[in-house]
Amino acid sequence: MSDATVNGAAPPAPRKDKVETPFQRFVSEFAESKIAVGGLIVFTAIALVAIFAPWIAPQDPYDLAQLDIMDGRQEPGTTGGAGFTFWLGTDDQGRDMMSGIMYGLRISLMVGAGSALIACVVGASLGLLAAYAGKKTDTVIMRLVDLQLSFPSILVALMILAFLGKGIMNVVIALVIVEWAYYARTVRGTALVERRREYIEAAQCLALPTYRILFRHLLPNCLPPLIVVATMQVARAIALEATLSFLGLGVPITEPSLGLLIANGYEYMLSGKYWISFYPGIALLITIVSINLVGDQLRDVLNPRLKK
Amino acid sequence: MTVYLVRRLIQALFVVLAMSVIVFVGVFAIGDPVEILISPDADQIERERAVQALGLDLPLWHQYLVFLGNALQGDLGRSFVFNEPALKLILQRMPATLELAFGAMFLSILIGLPLGLYAGLRPNAPASKAIMAGSILGFSLPTFWVGLMLIMVFAVQLGWLPSTGRGDTGALFGLQWSFLTVDGLAHMAMPALNLALFKISLVIRLTRAGVRETMLMDYVKFARAKGLSPARVTFVHVFKNILIPVVTVVGLELGSTIAFSVVTESVFAWPGMGKLIIDSINVLDRPVIVAYLMIIVLMFITINLIVDLTYSMLDPRVRLETKGT
């Protein structure tokens with residue numbers, strides 16, 4: 001790979017006596033893939049846009065006073081009554097699509113990252129417990145995981161939302177229930193190997209409390225595969241949330257995520273007004289692809305089997 | 001083997017039972033159907049009569065036992081909205097969904113296999129790289145959005161294909177099928193392609209990996225050394241061997257294809273089970289929701305059971321493992 005020489009040589013300082021920390025090695029290995037770095041940059045930009053949406057969006061799409069119904073369904077590039085240009089057009093309410101997408105990203109990312117984080121905590125804890133306790137606990141937890149993974153994610157999510165109804169919190173709950181099993185399985189797999197190592201035995205001999213052994217000794221050594229799974233799961237969660245919202249089972253209409261924005265444009269598309277659905281979809285696509293690119297490279301870097 | 005079979009069957013039965021409790025309690029925990037189904041102008045007596053007619057005045061456990069007893073006789077309740085047996089409603093829509101799912105799986109093999117084969121044989125060609133990039137996109141693209149874009153391009157802009165519905169149907173085995181008429185096929189093309197997108201990517205990746213592995217095998221080298229034509233080596237010796245795992249995986253995906261058709265059916269207004277369940281969730285038509293979930297759960301448990309049994313027949317290690325625990 002010629003990329004390594006291009007990217008890895010940022011400071012051409014004396015390299016022979018410098019001790020590379022694991023983190024530095026991780027960063028330089030990650031940077032070997034230009035595509036992954038590109039993905040990371042794009043994702044960072046998207047995240048920044050989402051976080052700072054209220055300050056950089058040309059319009060607050062939820063402030064009815066700023067909306068003018070006369071601006072409804074304008075083509076991209078037209079200038080509206082408020083005096084600024086709708087670069088991505090407007091929806092049926094006269095909302096600027098660009099502002100709508102920025103606010104929609106906020107909700108999509110919040111729900112995606114939030115549910116992935118909660119699922120990670122729940123799943124990793126249960127996975128650790130299953131591996132460390134073994135026997136009955138292990139059987140019960142893993143049977144549950146097997147059972148759940150035998151059903152497709154959309155079906156599980158559909159079932160839970162059929163029980164709970166719409167709402168951001170309910171979507172998060174549904175996504176957590178869908179995702180925890182992936183984390184649990186991943187962590188258990190690694191933890192089963194790690195718990196036989198000497199440092200766990202040493203910790204046990206010191207009579208450390210179980211929770212301390214689990215979270216201070218076992219967990220940090222199970223992190224690499226967990227990070228990879230978590231990255232991929234964020235992308236999956238965002239996609240699933242968008243799908244559910246599109247089906248009308250996800251976020252409420254007052255807090256539209258990207259999926260709901262796309263659904264809103266559905267009826268207008270048949271009359272050729274493509275932009276209401278098209279641009280939110282592009283935003284969704286770029287978000288998912290950039291996360292997957294980063295995740296792909298993380299998997300290569302963190303996979304111990306591929307270590308040179 | 002018999003012991004394993006019996007154990008596995010009992011296990012499946014328990015899962016069905018557990019799922020029926022979860023589904024029943026879950027669905028009956030949302031909102032009060034009385035509020036939705038009875039007009040707010042109705043007086044107290046009318047209300048009570050409706051509640052009794054729907055059996056909603058009984059305690060939940062009693063309702064569940066009634067539900068379970070009826071379910072065993074093939075009665076999963078009457079739809080609040082259509083006032084027809086829920087099971088009948090779903091079975092009516094099932095052919096449309098199955099047709100779509102099989103169409104999608106057929107397409108995924110038809111498109112995925114040749115592309116994967118090419119990418120596997122020439123891993124460094126620019127076209128192969130494009131195919132692999134396309135397959136990553138196929139995994140990442142949100143299905144429903146691709147469906148919308150298909151409608152936009154082929155139905156709205158070009159006007160080649162109809163955007164929604166099922167079109168004309170022809171009768172076979174007493175059921176209506178779209179694939180028997182030209183109009184029906186035109187209606188089916190976009191939804192099937194949309195549903196197939198994910199599977200196409202999957203088949204491409206499986207085929208490519210399979211080809212690259214098989215090409216290094218001794219028997220392929222031997223076939224080449226024997227002087228067989230490259231075409232014969234590829235299509236007889238390599239192709240046959242990669243076909244088995246690819247077809248197995250595609251077969252395993254049948255269940256998830258049926259589940260994901262919920263999305264495609266909603267986009268293309270395809271009148272299958274998936275569209276029915278989404279509509280039913282939106283109006284809280286509980287018997288239909290329960291019936292759909294029970295049928296699909298039963299379907300999955302059956303598929304998983306068949307898969308497990310086939311594997312255990314092929315691989316004795318699976319049998320021994322379950323004996324140990």
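In chain A, 67% of the contacts with a separation of 6 or more join residues 24 or more positions apart. The model is predicted. Chain A holds 13 helices and 2 strands. Of its 308 residues, 45% are buried.

Chain B was examined in the same terms. Chain B contains 14 helices and 2 strands. Buried residues account for 34% of its 325 residues. Among its contacts with a separation of 6 or more, 69% link residues 24 or more positions apart.

Confidence comes next. The model has an ipTM of 0.77 and a pTM of 0.81. For chain B, the mean pLDDT is 79. In that chain, 86% of residues reach 70 or more. Confidence in chain B is highest in helix α5 (residues 86-121), at a mean of 87. It is lowest in helix α14 of chain B (residues 316-324), where the mean is 56. Where pLDDT is low, predicted coordinates should not be read in detail.

The two chains touch each other. On one side, 32 residues of chain A take part, and they are in contact with 31 residues of chain B. Five elements of chain A are named as giving two or more residues to this side: α6 (135-149), α7 (153-164), α11 (223-246), α12 (258-269) and α13 (275-302). The most comes from α13(A), with 7 residues. By class, the chain A side has 23 nonpolar residues and 9 polar residues. It has no charged residues.

A nonpolar core was also found. The largest such core has 155 residues. Three members touch the most other members: A:Ala157, A:Leu175 and B:Tyr292. Helix α5 of chain A (residues 97-133) gives the most to this core, with 18 residues. The surroundings of A:Ala157 show part of the packing. Beyond its neighbours within four places in sequence, A:Ala157 is in contact with A:Ala174, A:Leu175, A:Val178, A:Leu240 and A:Leu244.

One glycine of chain B was followed in detail. B:Gly255 lies in helix α11 of chain B (residues 254-267). B:Gly255 counts as buried because it has 22 C-beta neighbours inside 10 Å, and the cut-off for a buried residue is 20 or more. Leaving out residues up to four places away in sequence, B:Gly255 touches B:Met299, B:Phe300 and B:Ile303 of chain B, and also A:Pro152 of chain A. B:Leu243 is 12 residues from B:Gly255 in sequence. Their C-alpha atoms are 20 Å apart in space.

An unreviewed UniProt entry places the feature "transmembrane region" at residues 12-31, 100-121, 133-157, 177-198, 242-269 and 289-311 of chain B. Two of these spans were compared with the model. Residues 100-121 of chain B are 100% helix and 0% strand. The end C-alpha atoms of residues 100-121 lie 31 Å apart. Residues 242-269 of chain B are 89% helix and 0% strand. For residues 242-269, the end C-alpha atoms are 37 Å apart.

A further helix of chain B was checked for its span. Helix α4 of chain B (residues 60-72) has 13 residues. From its first C-alpha to its last, it reaches 18 Å, close to the 18 Å expected at 1.5 Å a residue. B:Gly74 follows α4(B). The phi of B:Gly74 is positive, near 80°.

Methods: Residues are numbered from 1 along each chain as its sequence is written. Chains are lettered from A and ligands numbered from 1 in the order in which they are written. This is a predicted model: local features need pLDDT of at least 70, side-chain atom pairs count only at pLDDT 80 or more; totals for chains, interfaces and linings use all residues. Two residues are in contact if their C-beta atoms, placed from the backbone, lie within 7 Å. Helices (H or I, at least four residues) and strands (E, at least two) are DSSP runs, numbered from the N terminus. Ala, Val, Leu, Ile, Met, Phe, Trp, Tyr, Cys and Pro count as nonpolar, Asp, Glu, Lys and Arg as charged, and the others, Gly among them, as polar. The expected span of a helix is 1.5 Å times one less than its number of residues. pLDDT is the predictor's confidence in each residue, from 0 to 100. A residue is buried if 20 or more other C-beta atoms lie within 10 Å of its own, exposed if 12 or fewer, and partly exposed in between; C-beta atoms are placed from the backbone. A nonpolar core is a set of buried Ala, Val, Leu, Ile, Met, Phe, Trp, Tyr and Cys residues joined through C-beta atoms within 7 Å. UniProt positions are given in the numbering used here, feature names are shortened, and annotations may be inferred rather than shown by experiment.
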